[in-house]
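Visitor: Hello! I am new here and would like to learn how to read a structure, feature by feature. Could you show it to me?

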Amino acid sequence: MGGVHAIGLLLCSLALLFDPSISHPLCIDSRAPSTLSTPLKFCSYNGTACCNSTEDSQIQKQFLSMNISSSACASLLKPVLCARCDPFAAELFTVDSVPRPVPILCNSTVSANSSQSLIQVTSDFCSNLWDTCQNVSMSNSPFAPSLQGQAGIPVNSTVSELTQFWQSKADFCNAFGGVSSEDSVCFDGEPVKLNDTGTPIPPHGLCLEKIGNGSYLNMVAHPDGSNRAFFSSQEGKVWLATIPEEGSGEAMGLDESSPFVDLTDQVHFDTEFGMMGMAFHPNFAQNGRFYASFNCDKEKWPGCTGRCSCNSDVNCDPSKLGSDNGAQPCQYQTVIAEYTANGTASQPSLATSAKPSEVRRIFTMGLPFTGHHAGQILFGPEDGYLYFMMGDGGGTGDPYNFSQNKKSLLGKIMRLDVDNVLSASEIDKLVLWGNYSIPKDNPVSEDPELRPEIWATGLRNPWRCSFDSEEPSYFICADVGQDLYEEVDVITKGGNYGWNVYEGPYPYTPPNSSSKNTSTKLTNPIFPIMGYNHSEVNKNEGSASITGGYIYRSKTDPCMYGRYVYGDLYAGAIWAGSEDPENSGNFSTSKIAFNCGRDSPIPCTSVPGSSLPALGYIFSFGEDNRKDIFVLSSSGVYRVVRPSRCNYTCSKENVTSVATPGPSASPNDACWISKPSKSTVLLVSSLVLLLLLSFV
C-alpha cells in the first residue's frame, strides 16, 4: 500500500477535515441518558433524559429563584434551564470542548446537511428569546458571564436585564447562538429531535480478500501511521507485518520465524488462557512503550503473584470455591505488563523487535474460575488512558454476583492512568492491583462505593471492543451471552449493562447464586443497542459467542461506511448495524451476505455444500491506519475490499477508479516476506478459541 509522500500528505490533510464530534445522545457528565420510569414533573422530558427527579426539582428551584418579571420570558427560559435534561445535553452545552452555562440556541442559519429537524433549526430561537427577554429583570441570570471575549457588566450583579450585558441582539446571539449541522445540534426550546432518515437499506454484501494464513487474536495498527500493523497470537508471540494495498494482488508481509517479541515464557497458554490483548502507547513512536495482557500460572512462573479476586472485600472466600477444571482458585491470574522497543533501533518507530523482559508490572489479579476473563486492552483515543476489559470470572450465571459488586473488578471495564505512577505507599493506601494511578474523572468521583478503577459495570465477558475512529465517544463492546442472547453495547462513564440481572434485554435469574439477586438494587440498566438470539445463528447448536468489530470508516466500501460490523464465532453470520435516524442512538442491525473475491491474493476455500468462504472461527476483527477492516479467523486474515470484486452492487462505488494509496511503508519493510502458518498451529488455535469463547 506504499504511496508517494505527496499523496500521503494529501490524504492526511483530507483526514483532518473530519470532525469527530458528531451528535449522539450523551449527558454533560459523559454518562448515557437514563430511562425514566415516570415523566419529569417540571422539565418536559419523558422516556430518556439526563436528569432524575432530584435534579428536576433542583432546576425548578433555580427557575423560581430567578424571579423573572415577565411570564412570556419565563416560558422561554424554563426550557433553557431544563435543556440540561436533554439526551443531547453534552452536545448542547459544549463547544470545542469548552463547557457553556446555557445550551447553544438555534438561530436562523441552517446547514444544508443538518441532522436536526428543520422545524427546530429554522425557528431562530435565539432572536426570539432576545426580543422577548431583553428588558426583563431576573435574578442570577445564566447569561451574565461574558463569553468569547464579549464585554459585560460585573458578574456579581444579582438582578439584571439582558441589555445590561449585551449591546445588541447580534452580540447576544453571537455568544449564545449556533447552527445545527451534520455534526452538531442546537436548542429551540423543545427537546432535540433528529430528522427521520428512515431505515437504511443494508449493503448487498461484504466482499473479502485473504491476505494471510496465520491465526491471530489481536491486530493493532502501527502508531506511526504507516501501512504496518502488529498481530499477536494466543500463545504469546507478536509480529510486525506490512499491509499491502487493496487490489494489489499481494499477500500480507509477515515472517512467522521472526516475531517482534516472544512472550511465551511468561504466558500460560491453554484452552482458555493465553495472551488476550496488546496495546501500543499513543506516543510509541517516541517512547517505545507497549503493553501486553495475558494469563499466567502461579505454580509455573514466579512472576505470577497477584491477590485473589475472591476475597473478603467482595464477600468471597476462596477456600470455599473448590477446584475448577483441575485448577485451584486464583492459580491462574490476569496480567498487564509494560515492555519497550527502545534500544533495538535508532528510534522506536523503526524497531522491528523488542525485548521480552518486563519494564513495569501494571496489573496482576488472581481469577476465581477458568473462564470469562476477557483481557483486551485499548488506549482511549481522546483521553490517552488504558481501558481494560474484564469478564465476570466464570461460572454459570456469575454465581458470586461479581459483575454487580462495586468492590469487585470482575465483570467490569476499567480505566487506568499508566503515565502517572504512584509511590509504593500510595499504591498500598489505595489498595491498587499494580503500578498505575486513577484518572480524576473516573466514576468513583461521583460514587465513592465503586472501586476507583471501574469505568463501567455489569458485563459478562466483553469480547472485542473498539472506539469509533471518527466519533471516539462511541466506545462499543460486544458482550458474550449465557444461554440466550449475544449483545452489543455503547460503553459510557458509570454505565451498568445489567449482567447478571439481565442477559441482553431479557431478565435473567442465576441458577445458583451465593448472594441475593441484585435486581431490586439495579437502577437504570443500559440495554444493548443491537444483538441476536442464539437460535438465529445455528438452530442445531446455537451460537458460540459474539465477536465485536468496528464501525466501518474506510472509503474502500462506501456502502458499508458508518456501519458497525460484527460476527459470530461460528463464522456462519456477519452483521452490519446502523443508527436510524443517523446519530440518534437508535440502532438497527441485519445479517449481510459475505464472500471472497475470486482475485484474492491467497485463494479462499468454501464451506462444503455452501458458497460461504471457509473462515473457520471468527476470533476477532482489526483496523489498520487506512481504516480498512480485517477479519481475524482460524483460517487466516481477511480484508474487507471493494464490493464489485465479489459482484456485489454498491451505487456509491466508482468501479473504474483504482484503489486509493494508503500510508507509506517503512524503509525497512522490503525484507518482510509472506509465510503461511503451519496447519497444526491453525488447528490447535481453532480448538482453543472455540473453548475459550464457549457460552456455556
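Visitor: Where does N500 lie?

Guide: Welcome! Keep in mind that this is a predicted model. N500 lies in the loop between β25 (485–490) and β26 (502–503).

Visitor: Which residues have a positive phi although they are not glycines?

Guide: Let me show you H372 and K627. H372 has a positive phi of about 55°, and K627 has one of about 75°. H372 is found in the loop between β18 and β19 (377–379), while the place of K627 is in the loop between β34 and β35.

Visitor: Is H372 buried or exposed? And what about K627?

Guide: A residue counts as buried under 20% relative accessible area and as exposed over 50%, with partly exposed in between. H372 has a relative accessible area of 7%, so it is buried. K627 has 27% relative accessibility and therefore counts as partly exposed.

Visitor: How do β34 and β35 pair?

Guide: They pair in the antiparallel sense, over five bridges. One place to look is E623, whose bridge partner in β35 is I629. The two strands form a hairpin with five residues between them, and that is where K627 takes its positive phi.

Visitor: Why is β34 described as largely enclosed?

Guide: Count its buried residues. Six of the six residues of β34 (residues 618–623) are buried, so the strand is largely enclosed by the rest of the structure.

Visitor: What is the strand order in the open sheet of five strands?

Guide: The order is β14-β15-β17-β18-β16, and the pairing is mixed. β14 (275–280) and β16 (307–308) stand at the edges with a single partner strand each, so one side of each has no neighbour in the sheet.

Visitor: Now for charges. How many salt bridges does the structure hold?

Guide: First, the general idea: side chains of opposite charge can pair when their charged atoms come close. This structure holds 22 salt bridges. One of them joins E209 to R639, with the closest N and O atoms 2.6 Å apart. E209 sits in strand β9 (residues 206–212) and R639 in strand β36 (residues 636–641), so this pair ties together parts that are 430 residues apart in sequence.

Visitor: Are E209 and R639 buried or exposed?

Guide: E209 counts as buried, at 0% relative accessibility. R639 is also buried, at 0%. Both take part in a network of salt bridges that links E209, E246, D599, R639, R642 and R645.

Visitor: Which residue forms a salt bridge with K406?

Guide: That is D447, and the closest N and O atoms of the pair are 2.8 Å apart. K406 lies in the loop between β20 (386–390) and β21 (412–416), and D447 in the loop between α10 (424–430) and β22 (454–456), so the pair ties together parts 41 residues apart in sequence. K406 is partly exposed, with a relative accessible area of 32%.

Visitor: And what is the partner of D468 in a salt bridge?

Guide: The partner is R553, with the closest N and O atoms 2.7 Å apart. This pair links distant parts of the chain, 85 residues apart: D468 is in the loop between β23 (462–467) and β24 (475–479), and R553 in the loop between β29 (546–551) and β30 (564–568). Both D468 and R553 are buried.

Key:
Residues numbered from 1 in each chain as written. Predicted model: local features only at pLDDT ≥ 70, side-chain atom pairs only at ≥ 80, totals over all residues. Heavy atoms only, no water. Buried < 20%, exposed > 50% of the residue type's maximum accessible area, 1.4 Å probe, protein only. Helix = DSSP H or I, 4+ residues; strand = E, 2+ residues; numbered from the N terminus. Pairing = 2+ DSSP bridges. Salt bridge = Lys/Arg side-chain N within 4 Å of Asp/Glu carboxyl O.
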